[in-house]
Amino acid sequence: MLERFDVGPRMSEMTIHNKVAYLSGQIPEDTSQDITGQTRQVLEEIDKLLVLAASDKQHVLRAEIFLADMADFDGMNAAWDEWVVAGMTPARATVEAKLAHAEWKVEIVVTAAVP
């Protein structure tokens, strides 16, 4: 069975198939915040979607983090380190990328198991 959440004309916010949740790239709403604040916002959105999937951050299998500027790596990690569960950290990649909007400092994509 395939489930789609917040289906739009271009994309869905999340799809679930075979007990795996695939989240679309999550971005900050309040772009006036610094990288740590923007990352916290993104992680909060990820948490909300994982709840809809009956999952949580302990079940995140992989995270792909896109930073507009790699100089923000430490600030992003400050929020990330607050969020992840010790001993339950997912596989992760972090790259610098030109994001769709100049105000965005971070975009995060996660894949999670649905227990």
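## A pair of facing residues

Ala21 stands opposite Ala112, a residue of strand β6. The model described here is a predicted one. Strand β3, residues 20-23, and strand β6, residues 106-113, are joined by three bridges and run antiparallel. Strands of a sheet pair through backbone hydrogen bonds, in either a parallel or an antiparallel way.

## The sheet

Six strands form an open sheet, in the order β1-β2-β3-β6-β4-β5, and the pairing is mixed. At its edges are β1 (2-7) and β5 (91-96), each of which pairs on one side only. On average, neighbouring strands of this sheet are turned by 10° against each other, direction ignored.

Helix α1, residues 35-52, packs on the sheet and touches β1, β2 (12-17), β3, β4 (60-67) and β6. The direction of α1 makes about 30° with that of β6.

## Helix α1

The length of α1 can be checked against its number of residues. At 1.5 Å a residue, the 18 residues of α1 should span 26 Å, and this agrees with its end C-alpha atoms, which are 26 Å apart. After α1 comes Ala54, which has a positive phi, near 60°.

The buried residues of α1 include Ile35, Val42, Leu43, Ile46, Leu49 and Leu50. Among the elements that cover the buried residues of α1 are β1, β2, β3, β4, α2 and β6.

## Arg40

Arg40 also has its place in helix α1. Is Arg40 buried or partly exposed? Arg40 counts as partly exposed because its relative accessibility is 36%, and the class of partly exposed residues lies between under 20% for buried and over 50% for exposed.

Leaving aside neighbours within four places in sequence, Arg40 is in contact with Ala79 and Glu82. Arg40 and Ser55 are 15 residues apart in sequence, and their C-alpha atoms are 19 Å apart in space.

In soluble globular proteins, nonpolar side chains tend to be buried together. The largest nonpolar core of this model has 25 residues, and those with the most contacts inside it are Met14, Leu23, Ile46, Trp80, Val106 and Ile108. At least two residues of this core come from each of β2, β3, α1, β4, α2 (73-83) and β6. Helix α1 gives the most, with six residues.

What does Ile46 touch, leaving aside its neighbours within four places in sequence? Ile46 is in contact with Leu23, Gln26, Trp83, Ile108 and Val110.

Definitions and conventions: Residues are numbered from 1 along each chain as its sequence is written. This is a predicted model: local features need pLDDT of at least 70, side-chain atom pairs count only at pLDDT 80 or more; totals for chains, interfaces and linings use all residues. Side-chain values use heavy atoms; hydrogens and water are left out. Two strands pair if DSSP finds at least two bridges between them. Helices (H or I, at least four residues) and strands (E, at least two) are DSSP runs, numbered from the N terminus. Axes are lines fitted to C-alpha atoms, for helices over the stretch in contact, and angles run from 0 to 180 degrees between N-to-C directions. Contact means heavy atoms within 4.5 Å. A nonpolar core is a set of buried Ala, Val, Leu, Ile, Met, Phe, Trp, Tyr and Cys residues joined through side-chain atoms within 4.5 Å. Buried means under 20% relative accessible area, exposed over 50%, partly exposed in between (1.4 Å probe, protein chains only). The expected span of a helix is 1.5 Å times one less than its number of residues.
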